[in-house]
Amino acid sequence: MPSTYATHPEARDIVFDFISDYDNPTLLGAFWMTVKLTFFSGIGSLVWGTLLAAMRVSPVPLMRGFGTAYVNIVRNIPLTVIILFCSLGLADIFHVTMGASDFKVQGFRLAILGFTAYTAAFVCEALRSGINTVPMGQAEAARAIGLNFTQTLRLIVLPQAFRAVIGPLANVLIALTKNTTVAAAIGVAEAAYLMKQMIENEAQTLLIGAIFAFGFVVLTLPTGLILGWLSKRLAVKR
Amino acid sequence: MTEVSVAKQDAAATGELVVLKSVNKHFGALHVLQDIDLTIARGEVVVVIGPSGSGKSTLCRTINRLETIDSGSIAIDGKPLPAEGKELARLRADVGMVFQSFNLFAHKTVLENVMLGQIKVRKADKKTAEEKARSLLDRVGVGSQADKYPAQLSGGQQQRVAIARALAMDPKVMLFDEPTSALDPEMINEVLEVMQQLARDGMTMIVVTHEMGFARSAANRVVFMADGRIVEEAVPDQFFSAPRSDRAKDFLSKILHH
């Protein structure tokens with residue numbers, strides 16, 4: 001049986017034409033925003049999460065206390081609350097605008113701040129479980145040749161810990177990619193923001209849902225596959 | 001002129017390098033080191049033997065403060081062991097340590113293992129560090145394995161790399177914590193030979209081991225420990241042929257028959 005589109009070429013136009021009606025943002029533009037949010041928040045949370053993990057294993061009780069408190073508070077607050085706090089709290093009440101002059105840029109930067117603060121707690125915990133997989137003797141040998149605490153962590157323990165937790169970190173990154181949809185709540189024009197607009201204006205809600213679901217799978221599936229392959233390749237042999 | 005410098009070296013060579021005074025340590029209720037007094041002279045090879053749980057490994061590990069002590073004092077080359085921080089790191093660099101389980105850095109090649117301390121602690125440039133690492137690896141007989149990862153080497157080879165890694169820091173004293181206990185029997189000798197060579201070259205060594213053959217042939221002194229105390233100290237011949245304490249007699253009778 002010939003497909004509907006073959007017998008009625010205009011059907012394709014009727015079903016899909018609404019997509020081209022959106023130019024603020026466009027479909028691709030919206031997903032590009034999702035990618036940018038994920039990228040910058042990913043880098044930020046990797047750096048901040050690593051610092052938090054270093055604090056949690058540090059010999060200084062104050063740092064350990066801070067790391068533990070941070071992780072336990074931040075990971076238990078809903079992300080929506082954190083993102084709204086960044087916009088309504090930081091920007092509107094405390095006038096933290098991250099050097100942005102217009103509202104859009106400000107929202108974008110505050111969203112990255114919020115995602116970084118939130119995701120770092122999960123990166124920290126993944127990394128800490130990785131640190132636990134590194135045998136005690138590795139750190140002892142490092143200290144025995146005269147490396148200090150920071151060098152031991154940076155040169156010996158963390159490189160091995162990272163390789164052990166590439167898989168769990170991929171989970172965190174995938175979760176982050178999907179979590180960026182929360183930024184729609186503060187008006188950042190990413191995928192979920194556009195989806196909401198389309199659903200309000202169009203009839204094909206099922207199709208719209210499918211398009212955005214597909215878009216996210218396109219973003220996250222390769223992430224998982226590539227990092228899975230990398231984790232096998234970089235595994236430390238003992 | 002030459003005579004003067006030789007005389008100086010001799011004076012230094014007779015100095016006390018490691019001095020432990022009434023050292024005590026507890027693991028919870030277990031009094032694992034009890035009033036340990038031990039002095040090791042420059043160039044001396046001291047073998048510590050004793051039954052399991054006698055505290056000999058702990059003793060070895062307190063000397064570079066991988067284990068802290070509860071009371072007493074430890075001095076290395078006249079300087080008391082610093083508590084933490086930079087001073088301690090500097091001291092550890094001067095004290096080479098070889099572990100039972102090798103503990104080579106698993107994510108670095110053999111060559112990188114031997115270069116790391118030189119570059120990061122001694123601040124040597126890469127080229128000098130590599131040359132020295134390669135010559136040390138040749139010296140312990142694993143030069144051809146330089147670019148492999150530790151897991152690709154046999155236990156005996158890994159332990160010889162670990163010795164090279166410690167030697168790369170130009171240590172004043174080397175600590176060996178049961179260096180052959182985790183090895184297959186046929187690999188023990190290749191490690192002992194390297195250690196014997198080191199002893200002949202005049203390295204100050206403290207060796208915790210069950211290898212009585214090594215104690216006999218390479219040690220200047222045998223220290224016998226039991227239940228957290230030093231029970232007996234003697235030159236190897238005297239210790240093995242005529243132990244004074246009953247505890248040592250009992251221990252030797254159990255191990256020397258086979």
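Start with chain B as a whole: its 258 residues have a radius of gyration of 18 Å, which agrees with the value near 18 Å that a compact globule of that length would have. This is a predicted model, and the C-alpha atoms of chain B fill a box of roughly 55 × 45 × 45 Å along the principal axes. Switch to a cartoon view and you can trace 10 helices and 10 strands in chain B. Buried residues account for 45% of the chain. Of the contacts in chain B between residues at least 6 apart in sequence, 66% join residues at least 24 apart.

**Colour by confidence**

Next, colour chain B by pLDDT. The mean is 90, and 94% of the residues reach 70 or more. Which element of chain B has the lowest mean pLDDT, and which the highest? Helix α1 (residues 2-13) is the lowest at 41, while α4(B) is the highest at 96. Select residues 1-13 of chain B: the pLDDT there is below 50, and beyond near neighbours in sequence this stretch has 3 contacts in the model. Where pLDDT is low, the predicted coordinates should not be read in detail. For the model as a whole, the scores are ipTM 0.87 and pTM 0.85.

**The nonpolar core**

Now show the side chains of Ala111(A), Val47(B), Val48(B), Val114(B), Leu175(B) and Ile206(B). These are the residues with the most contacts inside the largest nonpolar core, which has 140 residues. Helix α6 (residues 103-133) of chain A gives the most to this core, with 16 residues. In soluble globular proteins, nonpolar side chains tend to be buried together.

Centre the view on Val47(B). Leaving aside residues up to four places away in sequence, Val47(B) touches Val207(B), Thr209(B), Phe214(B), Ala215(B), Ala219(B) and Val222(B).

**An open sheet and its loop**

Select strands β1, β2, β4 and β5 of chain B. They form an open antiparallel sheet in the order β2-β1-β4-β5. The edges are β2 (30-41) and β5 (79-80), each pairing on one side only. Inside the sheet, β1 (residues 16-27) and β4 (residues 71-76) run antiparallel and are joined by 5 bridges. To find one of these pairings, pick Val19(B) and look across to Ala75(B) in β4(B).

Most residues other than glycine have a negative phi.

Compare Phe102(B), in the loop between β6 and α4 of chain B. Phe102(B) has a positive phi near 65°, and it counts as buried because it has 24 C-beta neighbours inside 10 Å.

**A hairpin**

Move on to β9 (residues 221-226) and β10 (residues 229-234) of chain B, which run antiparallel with 5 bridges between them. Val223(B) stands opposite Glu233(B) in β10(B). The hairpin has 2 residues between its strands, and Asp227(B) takes a positive phi near 50° there.

**Where the chains meet**

Bring chain A back into view. Here 19 residues of chain A are in contact with 22 residues of chain B. On the chain A side, α7 (136-144) and α8 (149-164) are the elements that give two or more residues. That side has 8 nonpolar, 6 polar and 5 charged residues.

For a look from chain B, select helix α3 (residues 85-94), whose buried residues are Leu91(B), Arg92(B) and Ala93(B). The cover over them includes α7 of chain A, along with β4, β6 (95-98) and α4 (110-120) of chain B.

Finish at Val121(B), in the loop between α4 and α5 (126-139) of chain B. Which residues does Val121(B) touch, not counting those up to four places away in sequence? They are Ile145(A), Gly146(A) and Leu147(A) from chain A, with Ala93(B) and Met169(B) from chain B. Met169(B) is 48 residues away along the chain, yet the two C-alpha atoms are separated by 8.5 Å. Val121(B) is partly exposed, with 19 other C-beta atoms within 10 Å.

Methods. Residues numbered from 1 in each chain as written. Chains lettered and ligands numbered in written order. Predicted model: local features only at pLDDT ≥ 70, side-chain atom pairs only at ≥ 80, totals over all residues. Helix = DSSP H or I, 4+ residues; strand = E, 2+ residues; numbered from the N terminus. Rg over C-alpha atoms; globule rule 2.2 N^0.38 Å. Buried ≥ 20, exposed ≤ 12 C-beta atoms within 10 Å, placed from the backbone. Contact = placed C-beta atoms within 7 Å. Core = buried A, V, L, I, M, F, W, Y, C linked by C-beta atoms within 7 Å. Pairing = 2+ DSSP bridges. Nonpolar A, V, L, I, M, F, W, Y, C, P; charged D, E, K, R; others polar. pLDDT = per-residue confidence, 0-100.
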